[in-house]
Structures are given as C-alpha cells and as structure tokens.
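Have the viewer open as you read.

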Amino acid sequence: MRRYSAFAVAREAARFHSGWERAWRSPQPKKKYDVIIVGAGGHGLATAFYLGKNFGITNVAILEKGWLGGGNTGRNTTIIRSNYLQDPSAALYEKARSLYETLSQDLNYNVMFSPRGVIMLAQTEHEVRGYKRTAHANMLQGVQTEYINAARVKELVPIIDTNGPRYPVLGGLYQARGGTARHDAVAWGYARACSDMGMDIIQQCEVTGVRSSGGKVTGVETSKGAIDCDKLGLVVAGNSGALANMAGFRLPMESVALQALVSEPIKPCMDVVVMANTVHGYMSQSDKGEMVIGGGTDGYNNYTQRGSFHHIEETVRALVETFPMVSRLKMLRQWGGIVDVTGDRSPVIGKTPLGNCFINAGWGTGGFKAIPGGGWATAELIAKGEPGPLSAEFGMERFIEGRFIDESVAAGVAH
Amino acid sequence: MLILECPYCGVKGEETEFHGGGEAHLKRFGPGSSDADFETYLFMRENPKGVHLERWRHVNGCGKWFHVARCTMTLEVFGSYSAQTLEPPKEIKDILSAKRPGWSWRNFS
C-alpha cells in the first residue's frame, strides 16, 4: 500500500494523478478463514482491523451484503461523544473517542475527526440535575466534561434562542473534546488498512445461513457459496435479529427506523454539536456548510430504511424553536436507517449460545461514536474467546441476570 | 406512513392517531417464574423480517387497545383485530396466508 501524504499529493499532481492505487482489493472468497466477520460497516471493519493490529490474526474475511459502509455507518449524523452516566458505557465510549483522536494517523487516512465540542442542552430542571450528576460521574470516570450555564451556552452557540417560550435553555453538559468525523472515511480508512493486512473484504455477498456442528460454528452459507471459518463475528446493525435467527438464537432487541436530514449549505454559523433531548432534536454543521439534523426513532418495528414523516416534523419543529434561523432553511435530503434497540439502550458485545460465534450489536441510535472502541473490544473477544475488560459488562447474559447498563435516558432520542 | 383501522370504533386513520404498543400475544411471567421465562417475557422479542403481530392503541380516538398484523419489510398493513384474544382470528390468518404464503410467527402459521 502506498502511503497517503503531502508528498504523494505533490507527486501525483506532477503526473496527472495516474499513480493512485485502489484503496482496497475486491477478492473472491477463499474456502476457509480463521475468522469471518459478517458486516463491513464501521464496527465490522474496526473489529477486523484490531484483530490484525492487536492480535496478529489476518486470515480474516469481512462479508457485506450491500456495499462497504452503506448501512448505518453511512447514515448517521457523525456525532462523537463519551459523556455517559454508567461506568461501563463511559469506559467503552471514551476508549472509542480517544482512539478517534489519532485515527487518521493510525490508519493513514483522513477521517476528519473534528473535536469541536458537544453540548447537550438542559431545558428542564430535571435535565439540569441529571446533567450535573453526569458531569460528576464523568469526573470520576476520567471523562472530561463540564456543566455550563445558559450564558456560556449562548457564548458557544450564538444562534441559539435561550429564552424559548416552552423550554428555555437552562444550561448544558459540555464535552469539549467531543465532535464529529467523516463517517464514510472511517469505514474507508479501516477497509484500506484491513485490505493492506491481507484481509478479504467481500462486498455484495449476503449471508443466508450459519453452519454449525456439535454446538460450534463451522462456517456460513452465502450468495457466493459456502465459506468455512473457525470463528464468526456478527456485526450487522439493523439485521442482527435476522442473523441471530440463522444462528439459532434470539436477541433482546427490536429493529426500528431512525431518520436524519440535511439542509442546504450555508455559511459557518455553529461550530459545536448541539443536542436537545427534551425536544428531540440535534444539529451540527458539516464542513460543507449543511446543517445536519437528527431526531427520534419511530415507535414500531421496521426493516425498510424509511421512517415516518411526522417524526421529521417533530424534529424540525423542535429545532425551529431552539434555533429560530432554521425556519428559513431549505432541507436537501432526508433518509432513514434501521437500528437495533436493546432493553437498556446499551449495546451487546459478547458470546452467543452458539460456540465460537460472537456478536457486536444493539448500538441503538448511537453506534458511530463507538466504532473504534467497539471494534477494539470485539476483536479482543473474538481473539481470546472471552470478553476483555471493555466488554465484560456488555454480554447478553446481563438481561437474565438483571444487571443492566441503563442508558435509556440518553438514548432513544439523541446520539 | 401507516394507515390503521381501529376494530372498535371503525375509524381509519394515519399513524399519528395511534400509538404502537410493541409485540402482541406476550405470555406474561411474574413472581415465582424461572429467570429464563421472566427474561423472555421482558426482553426477548420476535423482531421478524416480514409478518409481525403487534399491539396498537387508538390514543387520539376511542383510546382502545387492539392488535394489528403488519409486514415489517414493506409496511403493508394486513388488518386489525380485537385485543381480547390470545391469537389472530381466522380472517386475519386467511389474509396472511393469501398474501404471505407459508408465513409463521412464533407458533402461529
């Protein structure tokens, strides 16, 4: 793999850009791999990358039914933060956030990580108390956040109306090193690095069955034929239930639609990410100038990657109230993705009832921010066969043990 | 956008008039049950790709709970039926068999 650098750009500029290589190979599947990862989204590719980087396991295939990064990795609103209340969540998301800090250098691929700061608005007395509590918890967890007052919010976000009639802004939870990253680049960067380590990324290869013998996984049936493996990782946000069905077990998850939309590009007006959980809306400005807007999930099971229009209306209504200038914007695009939501709104990373089959799923509305950490933890789980410290609390058994990682206050609305 | 019909008041409306209530025909387990049964009742869901049976409430109408048979792949609504039943009535099963031959949901088919 030729490294990307300022020198490479200059070199290629001098020869009509004829020397750029394909970022990753498109091989045909081999008969057998040590590890097969189902799902070439952010988490799947990150899992493969850290399997190679941290554990030297490179005989790996990553199977993708559509195209690389075309599921929720390419559909989210790219927000990165780690201001979670519960210790296991804070540890996992902060690991991910800290890996994002150097991800461009680690992958030699510009993921455009922009730690521009994330503010979660407190618009009721309950939220004020809740966020103060989270700020204290974060301090103990080593996650740098602070509770800021309304005047400071206004200073950071001049376009905000802090004196709204229904929900005035009372303060906010501010994580200065949160921010955004280019979501496609995260998938592409991991894919390029995986391909460089000799891993096979096989697109348009849908898994149609899971083969097992004696309670252990032996391979998968795919649209490109059967492929054997020693270990299997299911990392298929939105379709986890369908894959689990093939592998013969059930998951404590339901799949629902989550929508987002972007406006026409405008001049820079907001250089932080603002989330308003009471009124169900969040917004940031992309480097192109578009306002990137997200809202809440639909209230019913859905696999269509389309959501209900009235949720878009509710989100826009909330944002117009919080940011009056939004009312003048035209919206360019709107889309939906399917997210797997668990009972406690925390993900599942762990072993499954099928031997040598592991799962990373249930990120609900907030998987993008966790990609490097989720991949790191899942790689450790697959390599060692047992969860490491990051994922120890996130096994499926927590539901039968009543040992929840309850983040339901934070999710279901905004991520 | 879903168009649902309330089987009690007969009113047809789009989904903002109703509120989804999750998976239908759950078997309840309470104190004294095994941990596995309690977990299944509280957290494990069919989450099917295709035919799904679920509960809805006519919140901005007569307020009654009822059941809906729906497809999660196409958002097609097959029909609605009374809440006072432990399984879908024959009419609904016939519609499902006509539109989705070979359908099954939990132990119904």
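Eight strands of chain A make up an open sheet with mixed pairing, in the order 5-6-4-13-14-15-12-16. Strands here are DSSP runs of E with at least two residues, helices are runs of H or I with at least four, and both are numbered from the N terminus. Two strands count as paired if DSSP finds at least two bridges between them. At the edges sit strand 5 (146–149) and strand 16 (331–342) of chain A, each pairing on one side only. On average, neighbouring strands of this sheet are turned by 25° against each other, direction ignored; the axes are lines fitted to C-alpha atoms.

Zoom in on one pair: strand 12 (residues 253–265) and strand 15 (residues 290–301) of chain A run antiparallel and are joined by 6 bridges. Val262(A) has Val292(A), in strand 15, as its bridge partner.

A quick word on ground rules. This is a predicted model, where local features need pLDDT of at least 70 and side-chain atom pairs count only at pLDDT 80 or more, while totals for chains, interfaces and linings use all residues. Residues are numbered from 1 along each chain as its sequence is written, and chains are lettered from A and ligands numbered from 1 in the order in which they are written.

Now for the domains. Chain A splits into domain 1 (26–82 + 84–109 + 183–253 + 344–401) and domain 2 (118–178 + 255–342), with bounds from an automatic or database domain assignment. Their C-alpha centres are 28 Å apart. The contact between them involves 28 residues from domain 1 and 25 residues from domain 2; contact means C-beta atoms, placed from the backbone, within 7 Å. On the domain 1 side, helix 3 of chain A gives the most, with 5 residues.

Chain B comes in too: 19 of its residues are in contact with 19 residues of chain A. Helix 1 of chain B provides the largest share of the chain B side, 4 residues.

Last stop: Asp200(A), in strand 8 (residues 200–202) of chain A. Asp200(A) counts as buried because it has 23 C-beta neighbours inside 10 Å; the cut-off for buried is 20 or more, with 12 or fewer being exposed and anything in between partly exposed. Leaving aside neighbours within four places in sequence, Asp200(A) is in contact with Pro27(A), Pro29(A), Lys30(A) and Ala61(A).

Terms used:
Two residues are in contact if their C-beta atoms, placed from the backbone, lie within 7 Å. Axes are lines fitted to C-alpha atoms, for helices over the stretch in contact, and angles run from 0 to 180 degrees between N-to-C directions.
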